[in-house]
There are 2 protein chains.
Amino acid sequence: MAYGNALVALADPTRRRVFERLKSGPQSVSRLARGLPVSRPAVSQHLKALKEAGLVADRAEGTRRVYSIDPEGLGALRKWLDQFWDQALAAFQEEIEREAKHGKDRK
Amino acid sequence: MAYGNALVALADPTRRRVFERLKSGPQSVSRLARGLPVSRPAVSQHLKALKEAGLVADRAEGTRRVYSIDPEGLGALRKWLDQFWDQALAAFQEEIEREAKHGKDRK
DNA sequence: CATTTCCGTAAGCCATAGCTTACCGTAAGC
DNA sequence: GCTTACGGTAAGCTATGGCTTACGGAAATG
């Protein structure tokens, strides 16, 4: 149920913005905060949540912390989504066949 | 930004349980509520949220409403995730090459 | 050392999300 | 027509999540 944490983490708009900023490459905290409508501590808190969800990783670099995307969490989410998609589609097909078989006429 | 609504909708655990119950096929509201630790009105509210996010569809069937999974919302989410995945991976590769090029020695 | 930059954490505030109970409309069954 | 199943909505409560300001610690800089 790792995907659950990822979903919760990505549900918040500003947290998602933080995350999406990392798409272009690793960033320091203050760099990430620049341009966002919230304070730097807020960004720190978001990064903590993202990290606990396995969506980002961080490394120390002198006095600053550089955050980057961690494929782990994103992968788990993708896996869940794909499975779900397949199963849902299968059930959908099955439903159609069932309707086709025993009379669909009796509205 | 349709995927945003889907993320918010799927972030809540019980709402996700409602949604996952539909994987096995269309269900009525009271049937969905049976077995869940919340009241039927709560399930109704969750279904409303899921519907607004494009994740489920509903049709009337006599006095009951049958809900089913709507591929729309799930598809949008999948699309976003896949794009994100590709871009993140590309940036990751780029980062490695950059490190390899100009000296990585000066830790 | 003193100072400055960078960042995480604590405390506290406020809006909102999720739940319950209560109520009302609508379609079927007798 | 009554009654009964079904389900959407309103009102209200409470917990929690995200934000801010304030603080403290650690590494670079002089």
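By class, the protein surface near DNA strand D is made up of 11 polar, 7 nonpolar and 6 charged residues. Here Ala, Val, Leu, Ile, Met, Phe, Trp, Tyr, Cys and Pro go down as nonpolar, Asp, Glu, Lys and Arg as charged, and the others, Gly among them, as polar. The model is a predicted one, where local features need pLDDT of at least 70 and side-chain atom pairs count only at pLDDT 80 or more, while totals for chains, interfaces and linings use all residues. Residues are numbered from 1 along each chain as its sequence is written, chains are lettered from A and ligands numbered from 1 in the order in which they are written, and side-chain values use heavy atoms, with hydrogens and water left out.

Around DNA strand D sit 24 residues, the closest being A:Ser39, A:His46, B:Ser30, B:Ser44 and B:Tyr67; a residue is near the strand if one of its heavy atoms lies within 4 Å of it. Of the atoms of DNA strand D that come within 4 Å of the protein, 60% belong to sugar and phosphate.

Chain B supplies several polar contacts (pairs of N or O atoms within 3.5 Å) to the phosphates. B:Ser44 puts a polar side-chain atom 2.3 Å from a phosphate oxygen of DNA strand D, and B:Tyr67 does likewise with a polar side-chain atom at 2.9 Å. For B:Val29, it is a polar backbone atom that lies 3.2 Å from a phosphate oxygen. The elements giving two or more residues to this surface are α2 (13-21) and α4 (40-52) in chain A, plus α3 (29-33), α4 (40-52) and β3 (64-69) in chain B. Helices (H or I, at least four residues) and strands (E, at least two) are DSSP runs, numbered from the N terminus. The most comes from α4(B), with 5 residues.

Turning to charge pairs, the whole structure has 8 salt bridges over all chains, each a side-chain nitrogen of Lys or Arg within 4 Å of a carboxyl oxygen of Asp or Glu. One of them pairs B:Asp82 with A:Arg78 at 2.5 Å, N to O. This pair crosses between chains, linking helix α5 (residues 71-101) of chain B to helix α5 (residues 71-101) of chain A. B:Asp82 is partly exposed at 27% relative accessible area, as is A:Arg78 at 22%; the partly exposed range runs between buried (under 20%) and exposed (over 50%), with a 1.4 Å probe and protein chains only.

Within chain B, B:Asp58 meets B:Lys51 at 3.1 Å, N to O, and B:Arg65 at 2.4 Å. B:Lys51 is partly exposed at 42%, and B:Arg65 is partly exposed at 39%. In chain A, salt bridges with shared partners tie A:Lys51, A:Asp58 and A:Arg65 into one network.

Notes:
A polar contact is a pair of N or O atoms within 3.5 Å; within protein, one must be able to donate a hydrogen and the other to accept it, and residues adjacent in sequence count only if both atoms are side-chain atoms.
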